[in-house]
Amino acid sequence: ATTHKITLVPGDGIGPEVTAATVSILEAAAKITGSSFDWHTFDAGADAFAKTGEYIPKALYESIEANKVALKGPVTTPIGGGFSSINVTLRKKFDLYSNFRPVKSLPGIKTNYPNIDLIIFRENTEDLYAGLEVMINPDIAQSLKIITRKGSTRIARSAFEYAKKHGRKKVHAIHKANIMKLSDGLFLKCCKEVAEEYPEITYAEHIVDNTCMQLVMNPYQYDVILTENLYGDILSDLCSGLIGGLGLVPGANLGADCAIFEAVHGSAPDIAGQDKANPTALLQSAILMLHHLDETAAANLVQGALETVYAEGKSLTRDIGGTSGTKAFSEAVIAAMGAK
Ligand code: NAD
Ligand code: MN
């Protein structure tokens, strides 16, 4: 069997806790399926700066470049100053233009919306996240929104290709082209052009503010959501709320060469270091990674165990109404794989 070399960034806040839980589950799965992982672990952000003088150590860049696959915990980004987001920087550096975020209900969680199953494709490299900001004078700040034909067309293609391959019926492009006539207008134009190549898939356009209301009133009308960087960021957190919260929703940052798998949530400083975090979002990101590595047996084993633990409902974390800690939850998943 091959040994997969994987760059591991535990991150900060709840990052190290959910990463340790996820790695322990993957190691237990690997023992059963005969797969093996070689984890190359790096700090990033404030922790890395304290140790190396760099927010993203050169060795981390080199590791991702060599391994092509990373599993990453959340990294805290200072507000209103300080260093640029590590996440945004890595996505841009490796041109990980497609942020794939499946939002799917797990068994046993009581929410207002059973059986949610939608996918968000978020453009991941441009929009207001280009970081082009200046103070025009002390009282006027300017942020530039960059939308390109190339960026819009390739995220649209990702969404439609995925829809075609996985039998999805509908793609909604989410925009605000009534106001941002040029930038969002170009985005929409590119989406429509790509849509014409996929006549078997229904294509629709919704304005983003209305979409927020529609998602809360009737989320079932959506199948694949295709959108720009900022709207995708916001809609992802909204959609996580439909299925039980940020503790659940995974993500993949995909480019032509490399992939970084990470949860939608951040470093959750309010619960960090207390064994309270739900590792499910990162674990499900790791399941996406296992599929990416063609470790289908391991992916299915972990997925099955995760669903068993949710269906039983005895070892769930506090964010979804349980009383278990991060460690106890991960031990229950390992037990459900029959690895104990
Ligand atoms: P957050 O996602 O960290 O937390 C929002 C709320 O959800 C909090 O109440 C938190 O306790 C809860 N939550 C999040 N993940 C959870 C989990 N796994 N289990 C249980 N509860 C969970 O968002 P925030 O507080 O706005 O951001 C905190 C920091 O994270 C900021 O510095 C932000 O920049 C950073 N961030 C990083 C990433 C990333 O690394 N990819 C993504 C988003 C935010
Ligand atoms: Mn976000």
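Student: What should I know about the model and its numbering?

Tutor: The model is predicted: local features need pLDDT of at least 70, side-chain atom pairs count only at pLDDT 80 or more, and totals for chains, interfaces and linings use all residues. Residues are numbered from 1 along each chain as its sequence is written, while chains are lettered from A and ligands numbered from 1 in the order in which they are written.

Student: How many residues does helix α5 have, and what span does it reach?

Tutor: Helices (H or I, at least four residues) and strands (E, at least two) are DSSP runs, numbered from the N terminus. The expected span of a helix is 1.5 Å times one less than its number of residues. Helix α5, residues 149–165, has 17 residues. From first C-alpha to last, α5 reaches 24 Å, close to the 24 Å expected.

Student: Which residues of α5 are buried?

Tutor: Count C-beta atoms, placed from the backbone. A residue is buried if 20 or more others lie within 10 Å of its own, exposed if 12 or fewer, and partly exposed in between. In α5, the buried residues are G151, S152, R154, I155, A156, S158, A159, F160 and A163.

Student: What covers the buried residues of α5?

Tutor: Contact here requires C-beta atoms, placed from the backbone, within 7 Å. The cover includes strands β4 (98–104), β5 (117–123), β8 (170–175) and β10 (224–227), plus helix α6 (183–195). Just after α5, G167 takes a positive phi of about 65°.

Student: Which strands does β8 pair with?

Tutor: Two strands pair if DSSP finds at least two bridges between them. β8 runs parallel to strand β9 (residues 202–207), joined by 6 bridges. β8 also runs parallel to β10, with 4 bridges. β8 is mostly covered, with 5 of its 6 residues buried.

Student: How do I read the hand of a crossover?

Tutor: Point the strands away from you. The crossover is right-handed if the path from the first strand over the helix to the second runs clockwise. β8, α6 and β9 make a right-handed β-α-β unit. So do β1, helix α1 (residues 15–33) and β2. Strands β1 (residues 3–9) and β2 (residues 36–41) pair in the parallel sense over 6 bridges. There, L8 has T41 in β2 as its bridge partner.

Student: Where do A268 and D275 lie, and what is phi for each?

Tutor: Most residues other than glycine have a negative phi. A268 has a positive phi, near 40°. D275 has a positive phi too, near 60°. A268 lies in the loop between β12 (259–262) and α9 (280–292), and D275 is placed in the loop between β12 and α9.

Student: Which residues come nearest to ligand 1?

Tutor: A residue is near a molecule or strand if its C-beta atom, placed from the backbone, lies within 6 Å of it. Of the 21 residues around ligand 1, P74, T77, G247, H265 and G266 come nearest.

Student: How does the shell around ligand 1 divide?

Tutor: Ala, Val, Leu, Ile, Met, Phe, Trp, Tyr, Cys and Pro count as nonpolar; Asp, Glu, Lys and Arg as charged; the others, Gly among them, as polar. The shell divides into 10 nonpolar, 8 polar and 3 charged residues.

How values were computed. Contact = placed C-beta atoms within 7 Å.
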